[in-house]
Amino acid sequence: MLSFEYRCPTEIIFGKAAEDKTAEKIKAYGGSRVFIVYGGGSVVKSGLLARIQNQLTEAGLAYEACGGVQPNPLLSFAREAVKQAIAFKADFILAVGGGSVIDTSKAVAHGVATPDTDIWEYWSGKKPITKSTPIGVVLTIAAAGSETSNSAVLTNKEIGKKCGAHTELNRPCFAIMNPELTYTLPKYQIACGVADIIMHTLERYITNVEGNSFTDRIAEELMKNVMKYGIVAMADRKNYEAMSEIMWCGSISHNGLTGLGRPMDFAAHKLGHELSAKFNTTHGASLTIMWPAWAKHVYEDNPARFALLADKVFGVNSGTAEEKARAAIRLMTEYFKEKLSLPVCFGEAEFGLQDDATLEYLADMCTSGDTKKVATFRPLDKAECLAIYKLANH
Ligand code: NZQ
Ligand code: ZN
């Protein structure tokens, strides 16, 4: 087990009607002028936004609402939102939505705290984030785990790049999590969320660092639980038990706990972000497309690790390590395809098969022109990324 430091300070308010505590929590964290960020309209349609606005008014909190965040959120939108929040003199940012809204809110929070810095400086890694504004979250989809994570992901359309900024200042003060708020989700979004939650744990689980059995057991139980309730949720999106289990696992899967004592790999995330940047692919689907090809490309480096997945998560306990490893890859891929109805290769994706020049472009973007290696299980250069994209291109 490697040494680690772990702090996950986000206060969680979980359960039915949890959102009734929004104003109380904002006040507790010192907010008085609240800049509300939301997405393309689901929270308007459901009435959630209006309920929160009424609550803030009754609590004597000033607010301004900023809607229109799109999935795979854009830097350009966040920049405009920063200007609006500064003009409003916001001292608290409230995200009402999913990962895209929360990540935009994190960008706004950093931008408001440092008005002289263009926020892309943070995402491009030119400057560290040193100051922010408090953020609260009312979560409407279990998926990205941004409600407790230290990451925020933006897409810079001008240069075709989607990437994350990582800092402890990205952790929200509080996350309000009422599973009933997810009952209006389309099936496709439930599926993408379940896939993302599995992948946040799986991309920490496949590692060459041995000797951390407690972290392994947490990870295995989380993946089994999400896979089980994912099937229930796909059949019945108003199943409180299923939506609660998925929502809670969503936060735990990406708050750091399931990977303590080992480095994160996140190869499928990095490879998938390039698909989202180029084709606007939904994040969860980008992962189910890239993971099978990545796994086939690298499993021989450490078949025992994939065999452990086969054994503990899929109950495959006979065969050699190689056979079990291949079974784990096959069973995970089948779960994505058959239980979640998600694409597992380019040919099944909306964007379809790609020519060699596009695959080369994706590999180039992923490795910043072959100047950076991706991931930790096997650090991947451009040639390896290209080989994986080729493997997924069927
Ligand atoms: O925009 P609205 O109208 O709200 O609709 C959204 C959107 O179309 C809809 N939706 C959300 N809650 C709903 C709902 N529709 C009906 N009823 C509800 N209750 O779902 C769609 C997807 O929303 P989005 O916020 O994009 O989903 P998700 O939470 O999956 O977030 C994805 C983004 O988070 C990033 C991804 O890359 C992607 O950009 N990630 C962020 C991470 C982080 N900050 O830690 C980690 C992840 O690995 C991920 O990269
Ligand atoms: Zn993810």
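Predicted model: local features only at pLDDT ≥ 70, side-chain atom pairs only at ≥ 80, totals over all residues.
Which protein donors does the zinc ion (ligand 2) have, and how far from it do they lie?

1. In it, the zinc ion (ligand 2) has four named donors: Asp196 through OD, and His200, His269 and His283 through NE2. Histidine 200 sits in helix H7 (residues 187–205), and histidine 269 sits in helix H10 (residues 267–279). The pair therefore ties together parts that are 69 residues apart in sequence.

2. Are histidine 200 and histidine 269 buried or exposed? Histidine 200 has a relative accessibility of 2%, so it counts as buried. Histidine 269 is buried too, at 6%. The cut-off for buried is under 20%.

3. **Domain layout.** The protein chain is divided into domain 1 (11–181) and domain 2 (186–392). Their C-alpha centres are 26 Å apart. Contact involves 27 residues of domain 1 and 25 residues of domain 2.

4. **Domain interface.** About 2000 Å² is buried between domain 1 and domain 2. Carbon and sulfur atoms give 59% of that area.

5. **Salt bridges.** The rule finds one salt bridge across the interface of domain 1 and domain 2. In the model, the side chains of lysine 161 and glutamate 274 meet in a salt bridge, at 2.6 Å from N to O.

6. **Strand E6.** Strand E6 covers residues 151–156, and six of its six residues are buried. That is why the strand is largely enclosed by the rest of the structure. In a regular strand, side chains alternate between the two faces of the sheet. Here Ser151, Val153 and Thr155 point one way. Ala152, Leu154 and Asn156 point the other way. Both sets are buried.

7. **The E6–E7 hairpin.** E6 pairs with strand E7 (residues 161–166) in the antiparallel sense, over six bridges. Valine 153 has glycine 164 as its bridge partner in E7. Four residues separate E6 from E7 in this hairpin. Glycine 160, in the turn, has a positive phi of about 65 degrees.

8. Two loop residues deserve a look. Asparagine 280 has a phi near 60 degrees, a positive value in a residue other than glycine. Its loop lies between H10 and helix H11 (283–298). Asparagine 280 has 46% relative accessibility, so it counts as partly exposed. Serine 341 also is a residue other than glycine with positive phi, near 55 degrees. Serine 341 is in the loop between H13 and helix H14 (356–366). With a relative accessible area of 57%, serine 341 is exposed.

9. **Threonine 320.** Where is threonine 320 placed? It is in the loop between helix H12 (303–314) and helix H13 (321–339). Its relative accessible area is 43%, so threonine 320 is partly exposed. Threonine 320 and aspartate 381 are 61 residues apart in sequence. In space, they are 30 Å apart, C-alpha to C-alpha.

How values were computed: Residues numbered from 1 in each chain as written. Chains lettered and ligands numbered in written order. Heavy atoms only, no water. Buried < 20%, exposed > 50% of the residue type's maximum accessible area, 1.4 Å probe, protein only. Pairing = 2+ DSSP bridges. Donors = N, O, S within 2.8 Å, 3.2 Å for Na, K, Ca; no water. Domains from an automatic or database assignment. Contact = heavy atoms within 4.5 Å. Buried area = accessible area lost by both parts, 1.4 Å probe. Salt bridge = Lys/Arg side-chain N within 4 Å of Asp/Glu carboxyl O.
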